[in-house]
Amino acid sequence: DFLCISLVNGFTQLRYNLGDRTIILKTLQQVQANGNTWHSLKAGRVGNEGYLELDGINVTQKASPGMNALDTHTDFFVGGVSSLNLINPMAIENEPTGFTGCIREIVINNRELNLTVTDPKGGANIGDCDGTECGYSVCKNNGTCQVENSGFSCSCPREWTGTTCEQSIYCSQNTCGSHALCIPQPSSFSYTCACTLGWTGKYCDNKIKFYIAKFVGNSYIKYTDPFYGKRDLQYSRLSLNFTTNQTEGLIAWMGKSEDEDNDFLAIGLANGTLKVVINLGERISVPLMHNKYFTCSDGRWHFTTVVQNQTCIKVYLDEELILFEDIDPQRKYTALNYGGICYFGGFEIGREVNMVTTGLFQKEFFGKIKDVVLFQDSKKIPLMKAEGYNVHDGNSGN
């Protein structure tokens with residue numbers, strides 16, 4: 001399988017093969033090859049339907065029956081490849097040659113690739129394209145870059161300041177401690193301090209320890225599973241205790257959550273009912289809900305366990321089996337490739353739950369979580385040793 005974008009006789013071309021045939025799309029207009037015109041190119045596929053857009057003019061290949069997954073396990077190459085004999089002959093029209101020109105702002109599945117000296121895995125014979133101190137996107141938050149004798153300067157929009165417009169004016173005089181992030185609050189012309197895990201207080205200067213994690217809506221814990229490489233991903237298991245008086249919220253998310261192609265197993269609440277969603281591949285997420293139970297938002301502790309045995313999913317609530325379903329009798333995808341990442345209560349600051357989960361869950365979790373166990377581990381996850389913000393000690397009043 002491959003997906004390749006190339007320049008052919010002055011036209012841009014997209015070629016891809018999902019395992020059954022090579023599909024070719026070519027732009028309607030030629031590229032200006034004068035060396036000083038930037039072009040915007042969008043290309044990709046949804047299933048086996050491809051699209052290619054140059055400077056806003058779109059060409060689409062309508063879907064027809066056939067394979068619809070791109071199975072590639074290689075590096076992603078830009079501008080050329082490490083060895084030309086790596087290229088599938090069907091991926092290009094003419095002899096393979098490296099690209100000569102400038103490339104900037106590459107976005108794959110909504111994630112921008114940083115084309116810097118240090119971020120890529122490797123490369124060769126690359127120079128700075130813009131040729132000025134300003135380079136590309138030096139000034140953050142829509143700041144304007146100007147070349148100066150001493151380097152560059154940024155002209156910042158009204159609400160931003162700093163050398164590269166990286167700091168909100170509301171945070172320029174902040175008194176948050178060293179264990180905090182300053183979060184601007186433009187509506188009140190002020191800021192709040194977001195405390196890293198293990199710290200609390202208005203300015204995050206009070207150290208805490210906890211075994212029960214209390215989430216207040218703008219909280220999250222991100223745990224990296226040290227045993228991920230040894231897990232049998234066809235037989236996953238997640239269990240925990242939670243308590244809340246809210247009817248909506250994301251309790252746990254096993255998965256990288258970087259883009260919609262990532263596998264995941266999620267537990268949360270919808271309309272006061274326990275909701276479990278699992279995606280083992282190809283963006284096919286199966287939500288499981290049991291309408292008999294509307295008791296999860298009663299402020300009491302509830303114990304839940306989700307067991308994945310290949311495509312068979314069992315959900316237990318308070319030690320009663322409430323859901324048992326085979327989400328894919330064809331057994332096309334049977335492993336939960338969650339990347340060793342588990343989120344609790346929400347995602348990183350600035351990443352809204354309803355956006356990241358594409359509406360599967362409406363908001364962050366308000367409540368408490370304890371006794372989290374992965375797979376058949378004999379020990380609970382040490383939540384204190386993970387990464388996170390705005391998590392409080394939930395031990396009091398239990």
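Reader: Where does N9 lie in the chain?
Author: N9 lies in the loop between β1 (2–8) and β2 (11–17). The model is a predicted one.

Reader: Why is N9 called exposed?
Author: Its relative accessible area is 57%. Exposed means over 50%. N9 passes that cut-off, so it is exposed.

Reader: What makes the phi of N9 worth a remark?
Author: Phi of N9 is near 50°. That is a positive value, in a residue other than glycine.

Reader: What about D55: which phi does it have?
Author: D55 has a positive phi of about 50°, and D55 is not a glycine. D55 sits in the loop between β5 (49–54) and β6.

Reader: Why is D55 called partly exposed?
Author: Its relative accessible area is 39%. Buried means under 20% and exposed means over 50%. The value for D55 falls in between, so D55 is partly exposed.

Reader: How far is the C-alpha atom of T27 from that of D55?
Author: The two C-alpha atoms are separated by 10.0 Å. Along the chain, T27 and D55 are 28 residues apart.

Reader: How do you know whether T27 is buried or exposed?
Author: T27 has a relative accessible area of 3%. The cut-off for buried is under 20%, so T27 is buried. T27 lies in the loop between β3 (22–26) and β4 (41–46).

Reader: Which residues does T27 touch?
Author: T27 touches F11, T12, L52, L54 and V59, leaving aside residues up to four places away in sequence. To touch here means heavy atoms within 4.5 Å.

Reader: Now to salt bridges. What makes K222 and E348 a salt bridge?
Author: The N to O distance between their side chains is 3.5 Å. The rule asks for a Lys or Arg nitrogen within 4 Å of an Asp or Glu carboxyl oxygen. The pair meets that rule, so it counts as a salt bridge.

Reader: Why say that this pair links distant parts of the chain?
Author: K222 and E348 are 126 residues apart. K222 is in strand β17 (residues 213–224). E348 is in the loop between β26 (341–344) and α1 (353–356).

Reader: Why is E348 called buried?
Author: E348 has a relative accessible area of 18%. That is under 20%, so E348 is buried. K222 has 21%. That value lies between 20% and 50%, so K222 is partly exposed.

Reader: Which residues are linked with K222 in a network?
Author: K222, E348 and R351 are linked in a network of salt bridges.

Reader: How do you know that D326 forms a salt bridge with R331?
Author: Their closest N and O atoms are 2.9 Å apart. That is within 4 Å, so the pair qualifies. D326 is partly exposed at 29% relative accessible area, and R331 is partly exposed at 35%.

Reader: What makes K380 and D371 a salt bridge?
Author: The closest N and O atoms of K380 and D371 are 3.0 Å apart. The limit is 4 Å, so this pair counts too. K380 is exposed, because its 52% is over 50%. D371 is partly exposed at 24%.

Reader: How many salt bridges does the count come to?
Author: By this rule the count comes to 10 salt bridges.

Reader: On to the surface. Which residues gather in a patch of negative charge?
Author: D298, D318, E319 and E320 form that patch. D298 is found in the loop between β22 (285–289) and β23 (302–309).

Reader: Which residues form the nonpolar patch?
Author: L7, F76, V78, F99, I103 and L115 form the nonpolar patch. Together they have about 540 Å² of accessible area.

Reader: Why is I103 called partly exposed?
Author: I103 has a relative accessible area of 38%. That lies between 20% and 50%, so I103 is partly exposed. I103 lies in the loop between β6 (57–61) and β7 (106–108).

Reader: How many helices and strands are in the protein chain?
Author: The chain has 1 helix and 28 strands. Of its 398 residues, 38% count as buried.

Methods:
Residues numbered from 1 in each chain as written. Predicted model: local features only at pLDDT ≥ 70, side-chain atom pairs only at ≥ 80, totals over all residues. Heavy atoms only, no water. Patch = residues over 30% accessible without salt bridge, like charges linked within 9 Å, V, L, I, M, F, W, Y side chains within 5 Å. Areas by Shrake-Rupley, 256 points an atom, 1.4 Å probe, with all protein chains shown as cover. Lys, Arg positive; Asp, Glu negative; His and termini not counted. Charge placed at Lys NZ, Arg CZ, Asp CG, Glu CD. Helix = DSSP H or I, 4+ residues; strand = E, 2+ residues; numbered from the N terminus. Buried < 20%, exposed > 50% of the residue type's maximum accessible area, 1.4 Å probe, protein only.
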